[in-house]
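Please study the sequence and the structure before working through each solution.

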Amino acid sequence: MEFPKLPTNENKRMARLRAFKILDTPAEDGFDDLVRIAAGIFEVPIALVSLVDENRQWFKAKLGLDATETPRDISFCGHAVQNAATLVVNDTSKDERFVDNPLVTDDPNIGFYAGAPLITGEGEAMGTLCVIDRNARQPSAEQIEALEALARQVVSRMELRLHLLESEQAIAAERLARKRIERQAECLHRLQIIAAQYNASTNERIDLMIDAGLDLLGLHLGLVAQVKRGRLAIRNWVAATDSPRPPLDKMCDDLWQWMGEKVDPEKVAATADARVLAAQFGLNSPIAVPLVLDGEPTGILLFASPQDVQPLTIDDHTVAEVIADGISAELSRHRVRRTIREEALRERVRSQFGSSEDRFFDTTHEILAVCGFDGYFRELNPAAEQLLGYSLPELMSRPFYEFLHPDDRDQAQSVTSDAMVAGSRTVVENRFARKEGGYRWLLWSLAADPENQCVYGIAQDIGDRKRIEKMKNEFVSTVSHELRTPLTSIRGSLGLLLGGAVGDIPGEAMSLVKMACNNTDRLVRLINDMLDVDKIESGKLQINRLPVDLRKVAEHSIAANATFARDHGVEYCLTEAPKDAWVRGDQDRLIQVLDNLLSNAAKYARDTGKVNVSIEHDKDDWRLCVTDHGPGIDAAFQSQLFQRFSQADSSTSKSSGGTGLGLNISKGIVEMHSGTMGVDSTAGSGATFWCKLPKIAEQPATKPKAAGTATQILVVEDNPDIAHLIELMLSQKGIRCDLAPTAVEAASKLLTNRYCAVTLDIGLPDEDGINLFRRMRARLKERMPPVIVVSATADKGKRELAGNALGIVQWIQKPIDLDLLQNAVLDAAKRRTDRVRVLHVEDDAGVLEITQRQIEKVADVTPARTVQEARLELRKNEFDLAIIDIGLPDGDGGQIMHEIHSSPAPVPVIIYSGNEIEQSLAEMAEAVLIKTKHDQQDLLTTIGKLLDQVTPRDTDSMP
């Protein structure tokens, strides 16, 4: 037996494998589905997703094998990760490397093995997707290609899993950082207000600071103790409740002795964790922070509570430290003032440390500044030097805006000017220059003081927050384009297979294709939900506010989800709905909300009969309700129901493919419509989910629908009664007619419009119908629509044309046979031979191929994969329709849209992109479709509608 060698890049490979954070994690449906597909393709009993670490191969997904791992030194996969090629062992009994391998000679008795390496974008092989049989066999090239394709999907899923994990961690860190900044800013703002109370005494200021700390921490007792004659004595104490004062003096004595008669900052801080005070004096959640004067600890600030409170966090300790810094500074100023004897000296010190230029926060990490209305800093604390690298004299030598990034100067000056005029508080972010180069992002809280002609400012370094935001935006961009586009190709390809594009698929293979299609849809839904959550959080979700009838929304959603309801053993019933329940909002987003409520009702109340939908009056609102008769929702969980990833019954949710985001997204959409959303439920008695939306006073005027011309029939008939009769006959089949009483008018309409068919009377007043047919056929060539001759002399015309009647599909003798005419027109419409030219601008080859296959019967598609290619095609050719992806390798597809829109003869445009579209671009397009939200069928339907509204360009046939 040959032991597997270590790859040359083993250290790098192992580092990358650990970075995926996937080893020894629970099974996941997506990986399990891929091994089932692989086993089905090869028709083998065993298939594995195997990850190779230092000592073993561990199975993330397995089929037909009980073991979760095997030693690396006997593993087949250990050989496979040595290079990028697929390892195939057709007959282990004839391969010297494996003939005596325990996995061959003993269970599972491997006779055949094929393993495709799981290769990351950096080129490292993490493991394999492998298939195993107990008998020797010879796989086909197609099977090997399929195994390698599935291996790439395993890697894609691993990378997606890692991206999702990193995104969740980044979002949590960003929230924590934002909360910390907000709490610190609030604390500093309160201290700044207290410091501005110049008439207050030192004791009064310290009491106000303690009270501010109690409020921010949610505690009830605060005290300041200082060392006096060798012991800690209480200087200030504040109780937020009327409870009896605890034995504070005794507590301070014991605390002093516990610290060994010296205020040790580290030991003082440790009292909170040791809970010495809580155990001895019945206090909860103590926080003790040293007070430092002139660099020496000379007392403590203590916060605690006689009651049970929630556990304190590191942010609470930070708040206590900021309060302690303020009290220390106040005590320091008090000490200075006490030593001043002469009035002149007192005035000089007061001008330096008191009034509007007080800088008692020299120890804080935030920048504290006083800036005059002339733009020059008057005072800065040492933190400015530490963060920016400039000395304080350098920072005070120039107006502050000269240190800002050029792109931030106008906004900063405008915000500061507004604050100066109004004497208000405001917050602004900007990039401040660093002496060593580059810029530092700062968040400024500003408070103007018009009386003293200055602005107080507190600045925090928010570089970490900006990096988190950038990482999140990059992740969202990756999800939008890099995942949506390949998923569109995958889903489109599977749809073609299911639709029989490559012929009949065997039953077992068909079930695997359906399984892959269903799981692709689940992944698509998850991605769409994640993007919706991000857009709602950032305020970027677009809502097109138009009059919407809630009854129409309900009828549409019920019809669209009827099959889903039947599959779950329920029926949707619209029990109460006024005819005109108008609101102002986005119809598609409201349908999204109701679709989610209906699908939840079916999933969680399956096999319970009916799910009722109603629209009710509720004062100034419409109340849209979905009521099921399922198990109901426990009252304790209802408050969490609309939070992200909340699911009342995780087992049901998992089996039904729920993401736990639907209700959170729905609530966000409803609130963006100025509405509210909630649930009424009792465990065991069903649930009613409802949303209230503001009524609008009047029903909007209905816009008349523009009549298209593509599905029209041109009726060439000089007798108005007969023309009207033909129009009535065809309208019964939903066919629209355009009338032409003369040959001249008929020729003009044929040259400028597009018709499915033409009914032609031979006896026209200005030209014989047969001559008209010959002339137009020669002129239009393949664009000539099928012709049905409807004439009293049809037989004569047929004889006259003899064998030269190509293009005439039926001869109908007057009086007209209704059925014959209707059938002839319908058949003619199906034979339309004119073709439309479509420019498809898309960088993904899969999407290009799928789209071309679907519409090649009715249109000629010209692909362009870059902005440059699209421009070249537009210069060389004329097109009737353009399909454009916005995200392209060499630029923005919006550039092409602007060029088409401003051209002398613009053509209709469909945007089909993985990215969300700005409103200005959307207004230039006939339709906007987002990949994964709109599938290939949506695209084809939209293309079909637009093809019916355009006239193929043919410069040779124009008059």
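A polar contact is a pair of N or O atoms within 3.5 Å; within protein, one atom must be able to donate a hydrogen and the other to accept it, and residues adjacent in sequence count only if both atoms are side-chain atoms. The model is predicted, so local features need pLDDT of at least 70 and side-chain atom pairs count only at pLDDT 80 or more, while totals for chains, interfaces and linings use all residues. Residues are numbered from 1 along each chain as its sequence is written, and side-chain values use heavy atoms, with hydrogens and water left out.

**Exercise 1. Describe the surroundings of Gln57.**

Step 1. Locate the residue: Gln57 belongs to strand E2, residues 56-63. Helices (H or I, at least four residues) and strands (E, at least two) are DSSP runs, numbered from the N terminus.

Step 2. Gln57 counts as buried because its relative accessibility is 5%; buried means under 20% relative accessible area, exposed over 50%, and partly exposed in between (1.4 Å probe, protein chains only).

Step 3. Identify its polar partners. The side chain of Gln57 makes a polar contact of 3.0 Å with that of Ser50 and one of 2.6 Å with that of Thr70.

Step 4. Not counting residues up to four places away in sequence, Gln57 touches several residues, among them Val52, Arg72 and Cys77; contact means heavy atoms within 4.5 Å.

**Exercise 2. Determine where Arg465 lies and which residues it contacts.**

Step 1. Arg465 is part of helix H15, residues 463-498.

Step 2. With 11% relative accessibility, Arg465 counts as buried.

Step 3. Apart from neighbours within four places in sequence, Arg465 is in contact with Glu174, Glu429 and Leu443.

Step 4. Compare positions in sequence and space: Arg465 and Arg178 are 287 residues apart along the chain, yet their C-alpha atoms are separated by 7.5 Å.

**Exercise 3. Characterise the largest nonpolar core.**

Step 1. A nonpolar core is a set of buried Ala, Val, Leu, Ile, Met, Phe, Trp, Tyr and Cys residues joined through side-chain atoms within 4.5 Å.

Step 2. The largest core has 40 residues, and those touching the most other members are Leu550, Ile615, Val626, Leu641, Met677 and Phe689.

Step 3. Helix H19 (587-604) is one of the elements giving two or more residues to this core; H19 gives the most, with eight residues.

Step 4. Leaving aside neighbours within four places in sequence, the contacts of Met677 include Val593, Leu597 and Trp690.

Step 5. A second, separate core of 37 residues includes Trp58, Met126, Val131 and Val513.
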